[in-house]
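Here is a briefing on pockets and helix packing. Look over the model first, then read on.

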Amino acid sequence: MFSEKANKIFQDVIAKYHVINTVDQPFTNQYDKDSNLLEHLLYRKCWIDTVQWHYEDIIRDPQIDPVAALKLKRQIDASNQDRTDMVEYIDSYFLEKYKAVTPKENATINTESPAWGIDRLSILALKVYHMNEEATRDDASAEHRAACQTKLDVLLDQRVDLSTAIDTLIDDISKGDKYMKVYKQMKMYNDDELNPVLRSQK
């Protein structure tokens, strides 16, 4: 199933990141985009999410230098753009893969595309990893570990449900029971024609 592959790649990415465990480490994709395009996209997607997860940790430091915080905010903005771009690349993969499928007369559209479900699955992998850290942290209280274990159990259950939903959606698209309609990003704040602050600087 697709989700089994995706979850394995996400776990590999997160484990790889935490070997060095710094947002400044170099990135190397383990998959060649010409021979393993989907795996290449999934690996890159989760790496972006993992780095951004740690950006978000850093920027919440109450003692952070304001200049450093502004620089980091710009990095988070750029990361969000990369994340959205990767979602669109993944959806383009599925659009290409199933372009020959003719939707059935009663085919319906889903509330989200496959790639946005995959986006949630990638973030969920990070939640599972870090909640497991908290549930097994030696210097935490027993109460803290127990509370985090309860949350971890819910996250693991959620991963099963989300994985099943994504697999079902992809299968439905392949059979023509669902059809894809992808709306390209309409973000306005990065566009110097649509953001009034940026427009005023031109």
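**Largest pocket**

The largest share of the lining of the largest pocket, 4 residues, comes from α3. The model is predicted: local features need pLDDT of at least 70, side-chain atom pairs count only at pLDDT 80 or more, and totals for chains, interfaces and linings use all residues. Residues are numbered from 1 along each chain as its sequence is written, and side-chain values use heavy atoms, without hydrogens and water.

- The volume of the largest pocket is about 280 Å³.
- A pocket is an open set of points on a 1 Å grid where a 1.4 Å probe fits, with protein on both sides within 12 Å along at least five of seven lines; lining residues have an atom within 4 Å of a point.
- Its lining has 21 residues, and Ser113, Trp116, Lys181, Val182 and Tyr183 lie nearest the centre.
- Two or more lining residues come from each of α3 (66-97), α4, α5 (142-175) and β2 (178-179).
- Helices (H or I, at least four residues) and strands (E, at least two) are DSSP runs.

**Second largest pocket**

- The second largest pocket holds about 160 Å³ of space.
- α2 gives the largest share of its lining, 5 residues.
- Among the lining residues are Arg44, Trp47, Gln75 and Asp82.

**Helix packing**

- The axes of α2 (residues 37-59) and α4 (residues 114-135) come within 10 Å and cross at roughly 50°.
- Residues in contact (heavy atoms within 4.5 Å) include Trp53 of α2 and Leu126 of α4.

Key. Axes are lines fitted to C-alpha atoms, for helices over the stretch in contact, and angles run from 0 to 180 degrees between N-to-C directions. Grid points are joined across faces, edges and corners, and a volume is the space filled by probe spheres set on the points.
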